[in-house]
Amino acid sequence: MPDIKHQMSARVTCPREVSGQLYMSCDNKRLTVLEGSCGERCPSESLAVYGANFFTPAMQHLESFDQPCMTPYLGKVNVRCKLGKLNVTSGCKQGCWGGNVTIA
């Protein structure tokens, strides 16, 4: 960790065994984390969610990416790595396709 002078702040990279970044400040020898965190990385995984089947890449802590939905679905699946766990939210929706309509 770098030296941080009194009433100054700095971005600090987490130790190699974890990933992430911290934004820290110093006040009279007292370090305070202003934002960010350190956490475990997420390994690549095979996911099957509503509207999509795919492999996630290996991800850093707090990293996220969007995977497009498979045809005929529209939208995307959001994947976020936090503390070594994947948080997955499917935004895949089906459209209304042309064809015969039965009205009762």
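Visitor: Is Tyr50 buried, partly exposed or exposed?
Guide: This is a predicted model, in which local features need pLDDT of at least 70 and side-chain atom pairs count only at pLDDT 80 or more, while totals for chains, interfaces and linings use all residues. Residues are numbered from 1 along each chain as its sequence is written, and side-chain values use heavy atoms, with hydrogens and water left out. Buried means under 20% relative accessible area, exposed over 50%, and partly exposed in between (1.4 Å probe, protein chains only). Because its relative accessibility is 47%, Tyr50 counts as partly exposed.

Visitor: Which residues is Tyr50 in contact with, leaving aside its neighbours within four places in sequence?
Guide: Tyr50 is found in the loop between strand E4 (46-49) and strand E5 (52-55); strands (E, at least two residues) and helices (H or I, at least four) are DSSP runs numbered from the N terminus. Contact means heavy atoms within 4.5 Å. With those neighbours left aside, the contacts of Tyr50 are Tyr73, Ser90, Cys92 and Gln94.

Visitor: Why is the pair of Tyr50 and Tyr73 edge-to-face?
Guide: Rings of Phe, Tyr and Trp (its six-membered ring) pair if their centres lie within 6.5 Å; planes under 30 degrees apart count as stacked, over 60 as edge-to-face and the rest as tilted. By this rule the count comes to two aromatic pairs. The rings of Tyr50 and Tyr73 have centres 5.2 Å apart and planes at 70°, so this pair is edge-to-face.

Visitor: How many residues apart in sequence are the parts that Tyr50 and Tyr73 tie together?
Guide: Tyr73 counts as partly exposed because its relative accessibility is 22%. Tyr50 lies in the loop between E4 and E5, and Tyr73 in strand E7 (residues 73-74), so the parts that the pair ties together are apart in sequence by 23 residues.

Visitor: What is the angle between the ring planes of Phe54 and Phe65?
Guide: Phe54 is in strand E5 and Phe65 in strand E6, 11 residues apart. Phe54 counts as buried because its relative accessibility is 7%. The Phe54 and Phe65 ring centres are 6.3 Å apart, and the pair is edge-to-face because the planes are at 90°.

Visitor: In what order do the three strands of the open sheet lie?
Guide: Two strands pair if DSSP finds at least two bridges between them. Five bridges join E6 to strand E8 (residues 76-82), and six bridges pair E8 with E9. The edge strands are E6 (64-68) and E9 (85-90), each pairing on one side only. The pairing is antiparallel, and the order is E6-E8-E9.
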